[in-house]
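Here is a friendly walk through one protein model, arranged by topic. Have the 3D view open as you read.

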Amino acid sequence: MVEAQMMMEAQYVLSHHRHHPSDNQCTSAIVKHIKAPINLVWSLVRSFDQPQKYKPFVSRCSVQGDFKIGSVREVNVKSGLPATTSTERLELLDDEEHILSIRILGGDHRLKNYSSIITVHPEVIEGRPGTLVIESFVVDVPEGNTKDETCCFVHALINFNLKSLADVSERMAMQGQNEDPN
């Protein structure tokens, strides 16, 4: 069973998470299994205009113009991270395939040329509807850092956000909510 699950995850990564890193970039994919139905998890992930619904380090977000592909959001980051703002563009939002992609355009942080893809896939966990979430990224390695250090830092941020996504989604599922009410 575990081997089949790993093969399925690898197939999703090959299908949806293609990054083409240069020599001075690192890339990776992180997998999270969430005990909540896909429509609930997707309703949170697709909220480009409200990432604070599940990303604890985001204090505020405002989107310029209409909410569509190409939209730009200004994100304010809570203290505790080496950043206070991030400017990000929505690259892809596919509600049928459950794919969201963003690119960081700027901000006061070290994530240069960062882009990520998040995909959400239905699965069964312990006999109940669950969701497989995969987030991949590519980013420049800052001067003075190694690829391993950079990947480790980004992994920690994504793992933190995905754990929070799982906590929020599973709590909502336990309360009987099938979709985000907002």
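Predicted model: local features only at pLDDT ≥ 70, side-chain atom pairs only at ≥ 80, totals over all residues.

Helix H2 spans residues 38-45 and is mostly covered. A search of the whole structure finds one cavity of 30 Å³ or more, and three aromatic pairs are present.

**Helix H2 and its cover**

- Seven of the eight residues of H2 are buried.
- Those buried residues are Ile38, Leu40, Val41, Trp42, Ser43, Leu44 and Val45.
- As background, an α-helix has 3.6 residues a turn, so residues three or four places apart point the same way.

**A stacked aromatic pair**

- The structure holds three aromatic pairs, and one of them joins Phe48 and Phe67.
- The ring centres of Phe48 and Phe67 are 6.3 Å apart and their planes meet at 10°, so this pair counts as stacked, the cut-off being under 30 degrees.
- Phe48 sits in the loop between H2 and strand S2 (58-64), while Phe67 sits in the loop between S2 and strand S3 (72-77), so the pair ties together parts that are 19 residues apart in sequence.

**The largest cavity**

- The volume of the largest cavity is about 80 Å³.
- Its lining is made of 14 residues, and Val45, Tyr54, Lys55, Arg73 and Leu100 lie nearest the centre.
- Val45 is also one of the buried residues of H2.
- H2, S5 and S6 each supply at least two lining residues, and S5 gives the most, with three.
- Sorted by class, the lining of this cavity has eight nonpolar, three polar and three charged residues.

**The second largest pocket**

- This pocket has a volume of about 260 Å³.
- Its lining residues are Lys35, Ala36, Pro37, Ile125, Glu126, Arg128, Pro129, Glu170, Ala173 and Met174.
- S7 and H3 are the elements that give two or more residues to this lining, and H3 provides the largest share, three residues.
- By class, six of the lining residues are nonpolar, none is polar and four are charged.

**Two loop residues with positive phi**

- Most residues other than glycine have a negative phi.
- His98, in the loop between S4 and S5, has a positive phi near 60°.
- His98 counts as buried because its relative accessibility is 18%, and buried means under 20%.
- Which residues does His98 touch, leaving out those up to four places away in sequence? They are Ile38, Trp42, Ile118, Thr119 and Val120.
- Of these, Ile38 and Trp42 are among the buried residues of H2.
- A polar atom of the His98 side chain lies 3.5 Å from the backbone oxygen of Asp95.
- Asn113, in the loop between S5 and S6, has a positive phi near 55°.
- At 46% relative accessibility, Asn113 is partly exposed.

Notes. Residues numbered from 1 in each chain as written. Heavy atoms only, no water. Buried < 20%, exposed > 50% of the residue type's maximum accessible area, 1.4 Å probe, protein only. Helix = DSSP H or I, 4+ residues; strand = E, 2+ residues; numbered from the N terminus. Phe/Tyr/Trp six-rings, centres within 6.5 Å; stacked < 30°, edge-to-face > 60°. 1 Å grid on protein atoms, 1.4 Å probe; cavity = no way out; pocket = protein on both sides within 12 Å on 5 of 7 lines; lining within 4 Å. Points joined across faces, edges and corners; volume = space filled by probe spheres on them. Nonpolar A, V, L, I, M, F, W, Y, C, P; charged D, E, K, R; others polar. Polar contact = N/O pair within 3.5 Å; in protein donor to acceptor, adjacent residues only side chain to side chain. Contact = heavy atoms within 4.5 Å.
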